[in-house]
Amino acid sequence: MPPQHSTVRVRVHPLGDTAVLAELGTKLDTALNTRAIALAAALKKRRDVRQAVAGHASVTVHFDPDQITHQALAAAINRLATKRPPLDEPGRLHRIPVVYDGPDLYAVALQLGLSTHQVIELHGRPIYRVFLVGFVPGWAYLGPLPDELALPRRPVPRTQVPAGSVAIAGHQTGIYPLVSPGGWHLIGRTSVKLFLPDSDPPSLFRAGDRVKFFSVGE
Amino acid sequence: MTEVFRVIRPGLLTTIQDIGRPQAVASGVPPGGAMDRFAHTAANLIVGNDRGAATLECTLSGPHLVAEGPRLVAIAGADFQPLVNGAAAPMWTGFFLSAGDQLTFGGRRAGARAYIAVAGGIVADRWLGSMSTNLMCARGGMNGRALVAGDVVSAGEPSGPLVAGRSLADGLQPRYADRILHAIPGPHFTRLHVESREALLGSTFTVSHDSNRMGYRLEGPPLEAPGDELLSFGLVAGVVQVPAGGQPILLMADHQTAGGYPMVLTVASASIPVAAQLAPGDEVRFAETPIDEALRMRAAQRDVLDLLIS
């Protein structure tokens, strides 16, 4: 049996000479994500760290190599990561109205062996966690999606997905904040604006927030 | 704030850039900022500005500007053959423009991005802590867009004495023409097949025409980095990602903030200016470099820039 603390050991990989990727795990997992967000917050307070952004189960850290070496930073990251993570305070809850009439809704139901009604009901059931905000401005990776809805991405991504599209892929769901290319299955749409360029921060969702979808008519 | 330039022709893509908004990545907003921070910083220091003051970043061709009043300016980075009233103007050197002087460019001789700094620093729309233009979000800089004919560019008041002739010696300028990017193996380098590792570090890649401030698609031998789909993580400029198709992408200043493609290399910070000066069609190679060596190159670049501070 390896000692208990080895399970929380963080793998720190260099990302060039001024950044590292601190990997806490490789699974889509709420507890890992909570630890990643807490680690990013703790790292941001350090004077030798310029920026720390949590991923699903990792933290990307920009640091000042004049103040700390890669090795010393890796040791500091492991020290911080072994501290008891703060209690996962429930993030802000966003209730998002969705018109479930996406162009892929029928095909998704067919592929999953469900009715469209069941897809809608299953998608609206959980309270999702915002794992991270990123990719394009305001985009948030939400999950975990019920197992019954898990599907691989579309083999050929769309070159243009309309803003407000509600989509699923793998064990995650999300809302396209801007017109952009995208490979997820489009099951609905919402009028809620996720990218708020004139607010600071400019994203409605923040990592750790919670999201509940509910079905509405036109 | 004073009007310094009137834009007669904007050039292919001229935007206002400073050192970006790194804190905005938590909202999915690209960090942005000048692609070639060395040239941007050098031009600023030559005219007595702070390193982070806003400049004009001119892509592949230069603008035609008319000076609205007397100003100390400097041009650094790509050589587009700057001209003042038709006569060759120096690069990497401070010089004065008088009201009515015409600043034009003869054409691209080398590099991809030239920076025009003005004493006092360019002043424009500030968004999320930076004046850098973000074209996708249409925010920052000149109303969130590239310059167009008829725009008027303004600058702040210079803080110190104005000294013309401050200059960066030829030998101290970055060796853009080498087109070698020093790089450090990334977290997913070992996902690459052995042949793909050799191809990545031993082949010449061509910068695709589908390249911009977000990133460069690199054409060359396709790379194979098989394995399970990765969870998304935060990205940094300089990362070389390998998407499913096997054509690597080098992330630049306006890169997407998170993604899940394997990160096989990260370009050393001292080589990012070289990357920033690559134009579509240019050939480039990666050279595996130890972190210590990358840090030495970084320190050497900073020492050169420090020579410009009086």
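Predicted model: local features only at pLDDT ≥ 70, side-chain atom pairs only at ≥ 80, totals over all residues.
Q: How many residues of domain 1 of chain A are in contact with domain 2 of chain A, and what area is buried between them?
A: Look at the residue counts, then at the area. Here 9 residues of domain 1 of chain A touch 10 residues of domain 2 of chain A. Together the two domains bury about 740 Å², and carbon and sulfur atoms give 65% of that. On the domain 1 side, L28(A), T30(A) and H56(A) supply 56% of the buried area, more than any other three residues.

Q: What about salt bridges and polar contacts between domain 1 of chain A and domain 2 of chain A?
A: The salt-bridge count between these two domains is 0. There are 4 residue pairs in polar contact, with both residues at pLDDT 80 or more. Helix α1 (residues 30–44) of chain A gives the largest share of the domain 1 side, 4 residues. By class, that side has 3 nonpolar, 5 polar and 1 charged residues.

Q: Which parts of chain A does the pair R158(A) and D104(A) tie together?
A: The side chains of R158(A) and D104(A) meet at 2.7 Å, N to O. R158(A) sits in strand β8 (residues 158–161) of chain A and D104(A) in the loop between β5 (93–98) and α3 (105–112), so the pair ties together parts 54 residues apart in sequence.

Q: Is D104(A) buried or exposed?
A: D104(A) is buried, because its relative accessible area is 5%, and the cut-off for buried is under 20%.

Q: How far apart in sequence are the parts tied together by D306(B) and R51(B)?
A: This salt bridge also spans 2.7 Å, N to O. D306(B) is in helix α4 (residues 291–306) of chain B, while R51(B) is in the loop between α1 (37–46) and β3 (55–59) of chain B, so the parts are 255 residues apart in sequence. D306(B) counts as partly exposed at 32% relative accessibility, and R51(B) counts as partly exposed at 33%.

Q: Where do E293(B) and R296(B) lie?
A: Both are in helix α4 of chain B, 3 residues apart, about one turn of the helix. E293(B) is partly exposed at 30%, whereas R296(B) is exposed at 52%.

Q: Which residues of chain B are linked in a network of salt bridges?
A: E57(B), R113(B), R213(B) and D254(B) are linked that way.

Q: Now the two chains: what does the interface of chain B and chain A look like?
A: Read it as you read the domains. In contact are 37 residues of chain B and 43 residues of chain A. The chains bury about 2,900 Å² between them, with 61% of it on carbon and sulfur atoms. S27(B), L231(B) and S232(B) supply 19% of the area that chain B buries, more than any other three residues.

Q: How many salt bridges cross the interface of chain B and chain A?
A: The count is 4. R153(A) and E229(B) form a salt bridge at 3.7 Å, N to O.

Terms used
Residues numbered from 1 in each chain as written. Chains lettered and ligands numbered in written order. Heavy atoms only, no water. Contact = heavy atoms within 4.5 Å. Buried area = accessible area lost by both parts, 1.4 Å probe. Polar contact = N/O pair within 3.5 Å; in protein donor to acceptor, adjacent residues only side chain to side chain. Helix = DSSP H or I, 4+ residues; strand = E, 2+ residues; numbered from the N terminus. Nonpolar A, V, L, I, M, F, W, Y, C, P; charged D, E, K, R; others polar. Buried < 20%, exposed > 50% of the residue type's maximum accessible area, 1.4 Å probe, protein only.
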